[in-house]
Amino acid sequence: MPSFDRAPPLSLPVRYFLAAAFWLLPLAASLLRTDGDYPSLSLLLPLHLLALGVLGNAMLGALLQMVAVVSGVPCLRPTWWRLGVWSLWQLATASLCWGFYQGLAPPWLQLASVLFALLAAAMAGLLYGLWRSPAADGSSRGLRLALGLLLVTLLLGLSMLAVLGWGRPWPLLSLLPLHRLAAQGWVLLLVMAVAQVIAPMFLLTPAYPAWWQRHGATLWLLALLAGAAGLQWQPQWPWWWLAWLPLALFAVLSLRLLRASRRPQEWLLPYWWLAFALLAVLAALLPLLMWQGAAPWLARALAWCLLGGFALTLVVGMLYRIVPFLLWLHLKNAAPPRHRVPALHAFVPETAARHSWRALLLLQPLAALWVWQPQLGWPLALALLGLLALLLRHFVAAARQYHTARRALPT
């Protein structure tokens with residue numbers, strides 16, 4: 001079970017969560033000029049704004065929290081992670097995406113490569129500390145593998161930047177599918193690790209099967225490695241089906257657990273239903289690669305189902321659960337004994353979380369329209385701006401409630 005007394009300072013994860021929300025603004029703007037071909041710059045730009053800006057910030061904040069409270073790795077330099085790593089991540093993402101926007105402008109790609117190299121060094125240090133942790137539960141094993149794949153994703157991205165920005169004669173078309181596989185792997189492994197803790201704790205579902213907790217993350221990693229090896233051996237063969245099997249199994253297991261929740265009225269449950277339904281759609285679409293190849297509409301559909309559908313839905317839902325919980329926890333720890341602090345729903349009421357779930361539900365048909373006709377990205381862009389407005393409104397109100405309760409504490 002998590003030990004929240006080891007949690008990092010409140011400002012550390014909240015800073016990442018806040019940045020994740022603000023990256024929705026340039027993401028929405030980028031959807032106004034996509035032509036939809038893959039791997040064209042007009043599609044790579046929104047994909048990286050979503051993967052690095054929105055999801056990357058949110059998942060890094062969650063990762064730093066989970067590493068401390070689940071795996072027992074203390075945050076020894078919170079200021080470095082709160083200011084240094086956070087700033088590097090925003091600057092690296094902005095440099096890379098501006099380089100894409102400027103048509104692969106070498107100076108911006110070179111700057112991005114230097115910044116991402118510093119981030120890779122920071123992630124390697126965190127991975128070293130996590131690997132030395134004695135924690136042997138399924139979540140800790142998943143966190144180790146997820147962080148390892150994040151580091152691999154950064155290194156493969158740096159290799160491609162060395163080609164595009166510095167002119168190194170390396171095989172770009174061989175690096176691209178490996179980078180994509182590693183990025184997908186780190187997202188899914190982190191979700192697997194988090195789900196083993198969050199689903200039984202907040203959704204009151206049964207625990208994931210013991211065999212899945214022991215071997216699920218390893219199975220997914222082995223499938224990714226086999227797919228990557230196959231792509232290098234015979235690039236024209238459909239090796240994607242290897243990654244399809246554990247992904248489909250994870251979706252089915254999770255949907256079955258959600259059906260067995262002992263709290264069916266829980267507002268977070270619809271977020272998880274929507275997210276894992278989209279993961280099931282992704283698992284159903286992957287075999288089409290065997291017949292359709294890299295069809296532009298299929299590439300867009302797969303990217304949205306994983307990043308904009310599955311991952312974004314889970315991230316928004318968990319923000320509405322984690323942020324009020326962290327505010328309440330830090331307030332309770334600062335309060336003297338027997339002093340009553342506001343309840344969780346005082347920070348973010350259930351109605352607020354349900355409004356954002358409806359906004360995410362609206363995103364899906366608009367995303368399907370964008371998948372089919374990428375020049376019609378403006379409805380999806382407007383919906384993302386609406387989601388941003390909801391997030392800012394609700395979490396600014398939560399911050400005000402926290403500061404009001406903090407000032408009311410007896411001295």
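## Exercises on Helix Packing and Loop Backbone

Leu204 lies in the loop that links helix H7 (172–202) to helix H8 (210–233). Helices are DSSP runs (H or I, at least four residues), numbered from the N terminus. The model is predicted: local features need pLDDT of at least 70, side-chain atom pairs count only at pLDDT 80 or more, and totals for chains, interfaces and linings use all residues. Residues are numbered from 1 along each chain as its sequence is written, and side-chain values use heavy atoms, with hydrogens and water left out.

**Exercise 1.** Describe the phi angles of Leu204 and Arg338, and state whether Arg338 is buried or exposed.

*Solution.*
1. Leu204 has a phi near 55 degrees, a positive value in a residue other than glycine.
2. For Arg338, phi is near 70 degrees, again positive in a non-glycine residue.
3. Arg338 is located in the loop between helix H12 (296–334) and helix H13 (344–347).
4. With a relative accessible area of 88%, Arg338 is exposed (over 50%, 1.4 Å probe, protein chains only).

**Exercise 2.** Determine how the axes of H3 and H5 are arranged and which residues meet.

*Solution.*
1. The axes of H3 (residues 41–69) and H5 (residues 106–132) come within 12 Å and cross at roughly 25 degrees.
2. H3 and H5 are therefore roughly parallel (angles under 35 degrees).
3. Leu52, Leu60, Leu64 and Val67 of H3 contact Phe116, Met123, Leu126 and Leu130 of H5 (heavy atoms within 4.5 Å).
4. The residues of this H3–H5 contact comprise 8 nonpolar, no polar and no charged; Leu, Val, Phe and Met are among the types counted as nonpolar.

Methods. Axes fitted to C-alpha atoms, helices over the stretch in contact; angles between N-to-C directions. Helix = DSSP H or I, 4+ residues; strand = E, 2+ residues; numbered from the N terminus. Parallel < 35°, antiparallel > 145°, perpendicular 65-115°, else oblique. Buried < 20%, exposed > 50% of the residue type's maximum accessible area, 1.4 Å probe, protein only.
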